[in-house]
Amino acid sequence: MHRIIYYERTDSTNRRLKLLAPEAENGLTIIADEQTDGRGRLDRKWLSGPGEGAWFSVLVKDSRLSGENAAGMVFVCALAAARALRKLTGREEILVKWPNDIVMNGKKLAGILCESGFEGNRPAWIVCGIGINLCQTSFDPSIPWAGSVLSETGLRIDRNETVHAFLEEFDIAIRQYLESGPASVLKELEPLSATLGRRVRAQGEQMTVSGTAVGFAEDGSLLIDTGHGLETVRVGDVSVRGIMGYV
Ligand code: BT5
């Protein structure tokens, strides 16, 4: 069950939900028609104009969340978003670019930002923020690799239907994640991955790793075959050749 709060306009649905998270119930979902200060990872700006997309956040509170499995929530969201968009559009070219992007035709259709609040070493809550571009026909010149469901498929899909389709898939994926463990969700992500089997470049805080993405580790880290051995990338940005402008 998801109780839903709707804003015509707010700064960021993640920020609103984080304020409510300590007291709110599992499943609470905030949707906004417009975000005036939407954010991506590392506090980057997420452009979220009025009526252009599905900008929403879902609260997860579950005693089975642990310091180990919290970081994998992004994969639950990515699986749910890709499945929901495939269902709504019938387009199997919709893929997940590790770890948090939904892409089609090399364009970024959606992004995910999960943020958690810890009590001691276990997360008391996780706010899962999802931004899905639905009907933009052009984007700011600073993000030439952005696309929308309309620009890439020619289809106009409804915002509320999109959120509901996501929540349906999310409830299935999170149950699987918490009951069967991260590995089972990662397995389901494999055939939807835009990253596995491709040439990638991972920009870490300390160094850059280049090679072929060959698999996921148990915790969702990306395994890269550099030609001189396997490297494990836990965080950082990964460019996939042919996607979002990386040649
Ligand atoms: C993400 O970050 O992709 C996570 C985006 C999460 C947005 C949702 S909307 C609801 C909830 N409330 C929030 O405030 N946030 C969440 P990252 O991987 O860091 O990508 C951010 C980068 O994507 C930016 O630096 C831009 O280059 C690009 N970008 C910005 N707006 C975009 C858009 N609408 N579509 C595609 N790319 C965009």
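**Figure 1. Salt bridges in the predicted model.** The structure holds 17 salt bridges, a salt bridge being a side-chain nitrogen of Lys or Arg within 4 Å of a carboxyl oxygen of Asp or Glu. The model is predicted: local features need pLDDT of at least 70 and side-chain atom pairs count only at pLDDT 80 or more, whereas totals for chains, interfaces and linings use all residues. Residues are numbered from 1 along each chain as its sequence is written, and side-chain values use heavy atoms, with hydrogens and water left out.

**Figure 2. Close-up of the salt bridge between Arg-64 and Asp-62.** The closest N and O atoms of Arg-64 and Asp-62 are 3.0 Å apart. Asp-62 is buried at 18% relative accessible area, while Arg-64 is partly exposed at 40% (buried: under 20% relative accessible area; exposed: over 50%; partly exposed: in between; 1.4 Å probe, protein chains only).

**Figure 3. Close-up of the salt bridge between Glu-188 and Arg-83.** The N to O distance in this pair is 2.1 Å. Glu-188 belongs to helix H5 (residues 182-189) and Arg-83 to helix H2 (residues 73-89), so the contact ties together parts that are 105 residues apart in sequence. Helices are DSSP runs of H or I with at least four residues, numbered from the N terminus. Both residues are partly exposed, Glu-188 at 30% and Arg-83 at 23% relative accessibility.

**Figure 4. Close-up of the salt bridge between Lys-187 and Glu-190.** The side chains meet at 3.4 Å, N to O. Lys-187 is exposed, at 54% relative accessibility, and Glu-190 is partly exposed, at 34%.

**Figure 5. Close-up of a salt-bridge network.** Shared partners join Asp-11, Arg-15, Arg-16, Asp-37, Arg-39, Asp-43 and Lys-45 into one network of salt bridges.

Key. Helices (H or I, at least four residues) and strands (E, at least two) are DSSP runs, numbered from the N terminus.
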